[in-house]
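Student: Please take me through this structure, and tell me what the terms rest on.

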Amino acid sequence: MKSDQTWGVSGDEEGQRLDKFLAAPGRAGSRSRAADAIARGRVFVDGEEVDAAGGARVMRHGEQVRLWMDRPGSASRTPRPPVRDGLEIVHEDADLVVVNKAAGLLTVPLDGDSSAPSVLALLWDRFRSHRTREPLVVHRIDKDTSGLVLFALHETARAALVAQFAHRTPDRVYLALVNGHPDPAEGTWQDRLTWDEDAFVQRRSRADDPEARDAECAYRIVSTFAEASLLEVRLRTGRQGQIRAQAQLHGHSLVGDRRYRPREGAPGHDLRFPRQALHAQRLAFDHPSDDRRVEFTAPTPADLREFLDKLRRQARQGA
């Protein structure tokens, strides 16, 4: 069995329990193995980690079930990382710290306003007594985007990590709820973008614009609703606001996005969510101390999970 596989639920399999679905040959292979994988946090449905009681959940046609047998840390299952000093620390060692950032919190302070709450400021407070540790920014996500952000704890580690991002070797995977239904259901968005300093947005560039930069990401639909689609988006470049900008340019703005708005009258235009429905779910990179590949996952936040459940209920009622 491969260590990381994903299957779609077929029409014939709709109505099965999750543990029975996973017990089929070529998957976990037995109910006991399926139950063990669920208990260890190795099973995801539509990108959301299944909780310990999730084996009894009834499967629906089109759902995507992921079995990640070698998920880091799953061999000895531990509780969800505690919130410490106002931050959910996913991983911490002598070289780096990975934080699951809450929506509404800045990654770093805004220019000219160092007093604004941010992950960086909270980390500085946390490490204030550790003179050899200095939190340094490696990459960032938007204030109203939730999920994983990475900080180095000394300059040597930062240089190694920043070099990886410059060479596009880290894996950065997001969950994005978009208006409408992208066609095809899986593909690549490729654009040339220019940063508009006045409007504070990315725009599609002119052919002769010397400031333009390539923007590329791969997407696939993992779940569909009446007027929206849940996408898994894998960044291949890392421009500021890239997923939000490209989703709008390709006709499928993020639900709740107030800056990169959907076209008036577009499918899903009336859906209401208090922020852009974007979550930095997975992050993988080479550890700067020994080059081993490490990977981290942040569970779908409660606000987005509850909104997806609402859309699923509406879909069932309208069927």
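Tutor: The questions below go from the chain as a whole to its core and its cavities. Keep in mind that this is a predicted model.

Student: What makes up the protein chain in terms of helices and strands?

Tutor: Six helices and 16 strands are found in the protein chain. To count, a helix needs at least four residues and a strand at least two.

Student: How many of the residues count as buried, and why are they called that?

Tutor: The share is 49% of the 319 residues of the protein chain. They are called buried because their relative accessible area is under 20%. As for the surface, the protein chain exposes about 15,800 Å², and carbon and sulfur atoms supply 47% of that area.

Student: Which residues touch the most other members of the largest nonpolar core?

Tutor: They are Val99, Leu123, Phe151, Tyr174 and Val233, in a core of 30 residues. In soluble globular proteins, nonpolar side chains tend to be buried together.

Student: What does Leu123 touch, leaving out residues up to four places away in sequence?

Tutor: Leu87, Val97, Val99, Pro135 and Phe151.

Student: How does the lining of the largest cavity divide by residue type?

Tutor: Four of its residues are nonpolar, four polar and five charged. Asp46, Arg66, Arg220 and Glu232 belong to this lining, and they count as charged because Asp, Glu and Arg are in that class. Gly47 is also in the lining, and counts as polar because Gly is placed there.

Student: Which element gives the most to the lining of the second largest cavity?

Tutor: β15 does, with four residues. About 50 Å³ of space lies in this cavity. Its lining includes His139, Leu148 and Tyr174, and divides into five nonpolar, two polar and two charged residues.

Note on methods. Residues numbered from 1 in each chain as written. Predicted model: local features only at pLDDT ≥ 70, side-chain atom pairs only at ≥ 80, totals over all residues. Heavy atoms only, no water. Core = buried A, V, L, I, M, F, W, Y, C linked by side-chain atoms within 4.5 Å. Buried < 20%, exposed > 50% of the residue type's maximum accessible area, 1.4 Å probe, protein only. Contact = heavy atoms within 4.5 Å. Areas by Shrake-Rupley, 256 points an atom, 1.4 Å probe, with all protein chains shown as cover. 1 Å grid on protein atoms, 1.4 Å probe; cavity = no way out; pocket = protein on both sides within 12 Å on 5 of 7 lines; lining within 4 Å. Points joined across faces, edges and corners; volume = space filled by probe spheres on them.
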